[in-house]
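Hi,

Here is the structure I said I would pass on.

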Amino acid sequence: MKHSSRSAADRSRRLRWWPTALFTAINTIGLSVLGWLLIDQDAQRREERLDAELLRVTSVVLRLVQYDGTLNTTFVNRDEINTQCPQFAILPGEAARFSGHVSQRTCVPVDPATLAGLAELGVRSGYRLHSYERGTGDELVRVGVEPFRSTDGQFIGAIVAVADATGQEDGHDRMILLVIGGVVLLAAAGGLAGHLLSGRVTRPVVAALEQQEVLLADTAHDLRTPVAGLRALAETAQANPDQHADLMARAVDLAARMGTIIDGLLMRARLAAGVEQLAIQPVWLDQLVTTVVEETPTGDAQVTVTVAATKVNADPGLVQRAVGNLLDNALRHGRRPDAPAVVHITVAGGRVMVADHGPGIDASVARESFDRFSSSGGSSGLGLSIVRWVAQAHGGTLRVYNAEEGGAIFELVLPAAES
C-alpha cells in the first residue's frame, strides 16, 4: 500500500484549492447568468429602439395615405418622411389591386419580393409585424409591417418600413465582447479573492498543525535520550543487583529531567494554542531576575548580574520561567571546553541580556526562528522556544547574536510599564 509522505499541514494547505474551485465555479456561473441577462436586455433595448422608429414611420404614412378604391399618396409625396430614413413602401395584399408606392430614398437595398411577401403576411394576419431580414448586400435590416383597411373594413394592403440594423448589430456585438471580458475578469478576480480568503481561513488550522508537528518532533527528540538512559539504567540494575542504590538515584534524576522536558513541552504547546491565560501585572524585572539567579544552582559557574530598576507589564510566573531557561541554556552551553561557564546578566529598560563565553551561535542558525532552535553546543532548543513564546505572548521579542569578544548574547525585551 502506498502512503503519502505529505504532512497534515501540507494536506491542509492543499485543501484550500477545493473552496477556491467551488467559489470560482459558483461565481462564474452567477456572472455568466448575469452576463446573459445583460446581453439579452441589450438586444431587447436595441430592438425596441428600431421598432419605435419603424412604428413612427408607419404611423405617419398610415395617417397620410388615402384609399377610396384607388390608392391616393398625394399627401405622402408632399411629406418630408417620403425622403428620409427609414425607407418605406405601401404594398397591396393578395385581394387588392392597386399600384404600390415606394419612398424616394433608398437607405438600404432590399429585395422587393421580400417586402411584398411581408406585406401579404401582414394583410392576412391583420396584426402589426416585426422581423429581421437581409438586404440585397447581406445587410441586416429590421422590418416593420403595418396593415391598413379599406373603407369597408377589409385589410387590403400594408405599409412596410425598413431600417438598417447593421449599426445596432455591431453595437450589440461589442456589448457581448465587453460582457464576456467582464465575466472572465470578474471570475478571475473572484477566484483570486476566494483563494486568498480560503488561505486566510485555513491559516490558523495549518499553523496549529505545524505547531503540533513541531511539538511531536521535539517531544520525540528531547525524550529519546533520557528514555534510552532510563532503559539502560534499568537493564544495568537488573544485571547488577548490588548497584541498585546508586542506579536508583540516577534513575530518579533522569525521571525528573524527563518531567521537566514534558512540562516545558506542555507549556510551549499551551502558549502556542493560546490557552495559557496571562496574569499581566506590573513587575519589577530587576528583582525578578535577581531572584531567579539566586534560586538557580550554578555549580562552579561564574554568574554576575548587573541591574537597573525597571518595571514591565508581564506575567511574573512566565517571565520567571523564560529567564530561568535563558540562564539554564547559558550554564549548559555557554562555556569553553574543560572550563567553567561564565555568564553575565544585564537588566535595564525592560530588557534582559544573558551573555556567555561559549562558542557562540552559528549565523545561519541565529536567523532562524526558535521553533527548532539548536545551539552550537547541541541544545534541543526547547527552553529557548519557550522563551520565544513567552516573549511573543507579551508582545515582546527575543533576539540572539554573537558578542565581538566571543560568546552568545540572548536579549529578551518586554513592554515597559508606565511609571
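Below is what I found in it, starting with the whole chain and then going through a few regions.

A word on the source: this is a predicted model, where local features need pLDDT of at least 70, side-chain atom pairs count only at pLDDT 80 or more, and totals for chains, interfaces and linings use all residues. Residues are numbered from 1 along each chain as its sequence is written, and side-chain values use heavy atoms, with hydrogens and water left out.

**Overall**

The protein has ten helices and 14 strands; these are DSSP runs numbered from the N terminus, helices being H or I with at least four residues and strands E with at least two. Of its 419 residues, 37% are buried (buried is under 20% relative accessible area, exposed is over 50%, partly exposed is in between, with a 1.4 Å probe and protein chains only). The accessible surface is about 23,600 Å², and 56% of that belongs to carbon and sulfur atoms; areas come from the Shrake-Rupley method with a 1.4 Å probe, and for residues only the protein chains shown count as cover. Among contacts with a separation of 6 or more, 65% are between residues 24 or more positions apart (a contact means heavy atoms within 4.5 Å).

β3 (residues 87-92) and β4 are joined by two bridges, and Ala 89 sits opposite Val 102.

In the loop between β4 and α4 you will find Ser 103. Leaving out neighbours within four places in sequence, Ser 103 touches Asn 82, Gln 87 and Phe 88.

Trp 36 is in α2 (residues 17-64) and counts as exposed because its relative accessible area is 54%. With Ile 29, Val 33 and Leu 37, Trp 36 makes a nonpolar surface patch of about 430 Å². Patch residues have over 30% relative accessible area and no salt bridge; like charges are joined within 9 Å and nonpolar side chains (Val, Leu, Ile, Met, Phe, Trp, Tyr) within 5 Å. A salt bridge is a side-chain nitrogen of Lys or Arg within 4 Å of a carboxyl oxygen of Asp or Glu.

**Around β11**

In a regular strand, side chains alternate between the two faces of the sheet. For β11 (residues 342-348), Val 343, Ile 345 and Val 347 are on the covered face, while Val 342, His 344, Thr 346 and Ala 348 are on the uncovered one.

β11 pairs with β9 (residues 302-307) in the parallel sense over six bridges, with Val 305 partnering Ile 345. β11 also pairs with β12 (residues 351-356), antiparallel and over six bridges. β11 and β12 form a hairpin with two residues between them, and Gly 349 in the turn has a positive phi of about 60 degrees.

Leu 327, in α8 (residues 316-333), is buried because its relative accessible area is 1%. Beyond its neighbours within four places in sequence, Leu 327 contacts Val 293, Thr 296, Val 303, Val 343 and Ile 345.

Cheers

Note on methods
Pairing = 2+ DSSP bridges.
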